[in-house]
Amino acid sequence: MRPGGRWILLAVWVVALAAIGAFVAQRLRVSTDLRSFMPAPTTPDQRLLMEQVGEGPGSRLLLLAIAGKSDEQLAALSQQLATSLRKDERYSQVLNGSFDIGSLDEQLLPYRYLLSPTFDAQPMDAPFLRDQLEQRLEDLSSPAAGLLKGLLPRDPTLEVLKLAERWTPPKSPDVREGVWFSPQNEALLLVQTRAAGFDPDAQGVAIDGIRKAFAALPEHEGATLKLSGPGYFSVVANAQTRGQAEWIGRISTVGFIVLLLLAYRSIGSLLLSALPIASAALAGIAALIVLFPQVHGITLAFGFTLLGVAQEYPIRVLSHRRAGENALQSVRDLWPLLLTAIASACIAYLAFYASGVNGLKQLAVFTITGLLVAGFSTRYLLAHLLPGRVHDVAGMGWLVRARRGVDALPRPRWIPVLVAVVTVLMLVFARGAFWQNDLSALTPLPQDLLREDARLREALGAPDVRYLLVMEAHDEQGVLALSERLQPTVDALVARHAVDAVELPSRYVPSEAVQRMRQQRLPDRAALERALSEAGQGMPFQAGLFAPFIDDVQKARALPPLTEERFAMSPLGQRVSAMLMPRGDHWVGLGTLSGVHDVAALQALAQGGNGAVRLLDLKETAESMVVDYRTRILHALLAATLLLVVAITVALRSVRRAWHVLAPMTLATFLVLAAERVAGVEVSLFHLVALILAAGLGLHYALFFERDTGDAAEQRRTLHATLVCVLSALLVFGMLAWSSIPVLRAIGLTVSLGVAFHFCLSILMAPHARQD
Amino acid sequence: MKMLDQPLVVSGELSWLGGDRLERRVEHPNREVSTIADGEVSQEREGREPRRFSLKRAPQLQILLDSFVAMLGGDATRLEQAFTIQYSGDDARRWTLALTPRDPKLVRTVSRIEIDGAGNEPHCMRMQEADGDLAVDLLGPLAAKMPATPTRDALAALCRGG
């Protein structure tokens, strides 16, 4: 190409990149909801789990502890913080223990006669009222007088207190100075965010809001605010992952540039070879924007890592330049092999697409688009731009010696057999579980953070997060009726200590049928007045004192039954809507359990419910999801492997040559697995992803080593290119292996080991080069 | 009491169990034992479920506790901390202590307490609640002199005269 044409091509390429860049900058919407990287739920239980994990009340709960001052000051801070957060749109509920009668608002107060079970067994008649009035008289002369005096005219039977007692969480923390306190003298608060728990960005905003509100309190100095809960964890994990990925990325980028400068001694070549990678990244993101409404942050992070493979294409071209030959000619010689490499990497990444997980699908689209763009732009664009005169690496002294050393290595035929036997033995004798099924084991959180969370959870009496009682019926009333039918059995279980406490939705809202039944049992005005005057005979209560009581009972008789919808507006409403929700064509009720001692008894309870009631084990469900997920990935991998064998065999037109490429790759992959197993690593999904990436790299090494050009100089160039690739991969992934974050470490360690094993095995198992 | 046509009369024993603990044992008209201990009030009545509540929810009791414990324990500093004190007495044998809670929140429920006594013995404790209700405790030997249908004036006279 003429020099002028070369500049025009470069300008067009850069302008096109800028245009795609502008499109990306304008349209890219990054989501951070970690759930799109979790397996797609297939069973109803798994769907429920995913909802609970992301949107469930438990996952949106932040636990706050204020410490460092006197009880009195802490209580004041707790009250001020609660007041300020309650005004904020971002929080749907703020509890600090100053829970009292006020939680039933004025308008709902007459509903107490429909919500309380007092009159189910006992009519509101003269003997009952008499007994109640006698008790109230005793109360007035007792220490509780001040407490009850205000309630008396409106509520002589103390229904409000009975409801408050009924609604108090089964285990609640100490109340001092009117607010919750932990045994460690911290004021405790529970804040429910509107944002989903596993959306770190939205949680970050919510947490920021809490910190700002705390910092704005006049007397906050000297007190510390501690946070915990799933939302906080997702923020910490996100920040840590991002922080580590950033500094690791920076160091490896610098190292990578230095490596390439040393290898090719040309700044121009280095800059030009960055173009295919930049094109790959931009094209990949553009494809994601076109195909998906939102692009996941993790897709981008992992995607750029996986695109590291694409860096090989320009490296191969640079290393295989011959003195006096123009770049186009070198690329043409190399292209069939490069195309095979690109195609096989694409096939491997196709396995991600088949996994059915949204995040991994995005990853597949991004990497496959990226690899194709990088490969084709290297072949059809970069080749025209590279400078005509180059430094031929084949003549370098150290490379000649290295190649001679490599060629001189003994390559006995028994090596693959020996490696295979050792791998099998290692896999067989490795101890511990093979698969890591527990998603939480991958959490990057420090242990003391988790311990702190457990301590606060215990202090706040938050319910067991492992089990849920699930009730299903075709409508809201059906669920409530079911929950009411279940109540006596559940009470019996609590009495038998099978479980410490169970909270069913009907504890807050009785079914309409029950409310109507209670309404009908309430006396009319005349009857109540009569009963009350009969009951009050000879008692010192002033005439007309109980008029507000009579009014409330009459109001209760005429009220429309309280529904979840109407209840949702009261402070307790959040709690109810968390326990009762529509799902598609039916409704689901959730019962929370505290202190489960006898799982079998609870399961038996569920079995008695004709399938309408069941015990959901969230941990088991999560694990079953991981197992399903892995099975699908493994199937997809198997299919990809078969496809790969066919593709390589067709491309090389020889089964024997395909064997020379595929055997070292397969052996090395299993060797990595075996080495990690022996080291006690339990294999997680991230290890699988990393193994695929390493296999993709290994396949390239094997392909190029297998290529027999009969030209010693060309063999040296191959070694040079492969060495640069191996070193750059080791640099990037070796750095990741030092990370303290389990996911990054899993990927870094697996790929580094993989690259090393693939390199060694593909050298040792390559066919002998012909001597000069 | 405003809600009632006649005053309520109960009799029993009030004992200081040491520290911040008081026990109130009612014998008549119904048996009832209340204890204040560790910031919690518990109330037990024959044939009923015991009732418990935090002392924080009953400011009157906090005041009762403060004044009683301080007086019985002879802890003048504590009394000073919780109340502004007015002392008046004809002579050393007869005196009246008027206590006004310092805490503005408490004053809203209990406006003042007057304790009448002679020598080392308190005889009578009158708690004036902010809503106009009055609670009078006749202590020691005076308790036996409680009339069947007392009036405020009669009790006041009894307290001063006892």
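Modeller: The part to start from is N185(A), which sits in the loop between β5 (179-181) and β6 of chain A. The model is a predicted one. N185(A) has a phi near 60°, a positive value in a residue that is not glycine. Its relative accessibility is 39%, so N185(A) counts as partly exposed.

R653(A) is not a glycine either, and its phi is about 55°. R653(A) also belongs to a loop, the one between α25 (618-652) and α26 (655-678) of chain A. With a relative accessible area of 74%, R653(A) is exposed, whereas N185(A) is partly exposed.

S279(A) lies in helix α10, residues 267-291. The relative accessible area of S279(A) is 5%, so this residue is buried. Its side chain reaches the backbone oxygen of L275(A) at 2.7 Å. Leaving out residues up to four places away in sequence, S279(A) touches W13(A), L17(A) and V373(A).

Salt bridges come next; over all chains the structure holds 29 of them. One joins E312(A) to R316(A), with the closest N and O atoms 3.6 Å apart. These two residues are 4 residues apart in helix α12 (residues 312-319) of chain A, about one turn of the helix. Both E312(A) and R316(A) are buried.

Another salt bridge links E714(A) with R322(A), at 3.5 Å between the closest N and O atoms. E714(A) lies in helix α28 (residues 712-737) of chain A and R322(A) in the loop between α12 and α13 (327-354), so the pair ties together parts that are 392 residues apart in sequence. E714(A) is buried, with a relative accessible area of 2%, while R322(A) is partly exposed at 22%. E714(A) also forms a salt bridge with R717(A), where the closest N and O atoms are 2.6 Å apart. Both of these residues lie in helix α28 of chain A, 3 residues apart, about one turn of the helix. E714(A) and R717(A) are both buried. Salt bridges with shared partners join R322(A), D333(A), D392(A), R707(A), E714(A) and R717(A) into one network.

Beyond chain A itself, there is the boundary with chain B. Here 25 residues of chain A are in contact with 26 residues of chain B. The two chains bury about 2,300 Å² between them, 56% of it on carbon and sulfur atoms. The count of salt bridges between chain A and chain B is 0. On the side of chain A that touches chain B, the elements giving two or more residues are α5 (126-140) and α6 (145-149). The largest share, 7 residues, comes from α5(A). The residues on this side of chain A divide into 13 nonpolar, 6 polar and 6 charged.

Technical notes. Residues are numbered from 1 along each chain as its sequence is written. Chains are lettered from A and ligands numbered from 1 in the order in which they are written. This is a predicted model: local features need pLDDT of at least 70, side-chain atom pairs count only at pLDDT 80 or more; totals for chains, interfaces and linings use all residues. Side-chain values use heavy atoms; hydrogens and water are left out. Contact means heavy atoms within 4.5 Å. Buried area is the accessible area (1.4 Å probe) that two parts lose on being put together, summed over both. A salt bridge is a side-chain nitrogen of Lys or Arg within 4 Å of a carboxyl oxygen of Asp or Glu. Ala, Val, Leu, Ile, Met, Phe, Trp, Tyr, Cys and Pro count as nonpolar, Asp, Glu, Lys and Arg as charged, and the others, Gly among them, as polar. Buried means under 20% relative accessible area, exposed over 50%, partly exposed in between (1.4 Å probe, protein chains only). A polar contact is a pair of N or O atoms within 3.5 Å; within protein, one must be able to donate a hydrogen and the other to accept it, and residues adjacent in sequence count only if both atoms are side-chain atoms.
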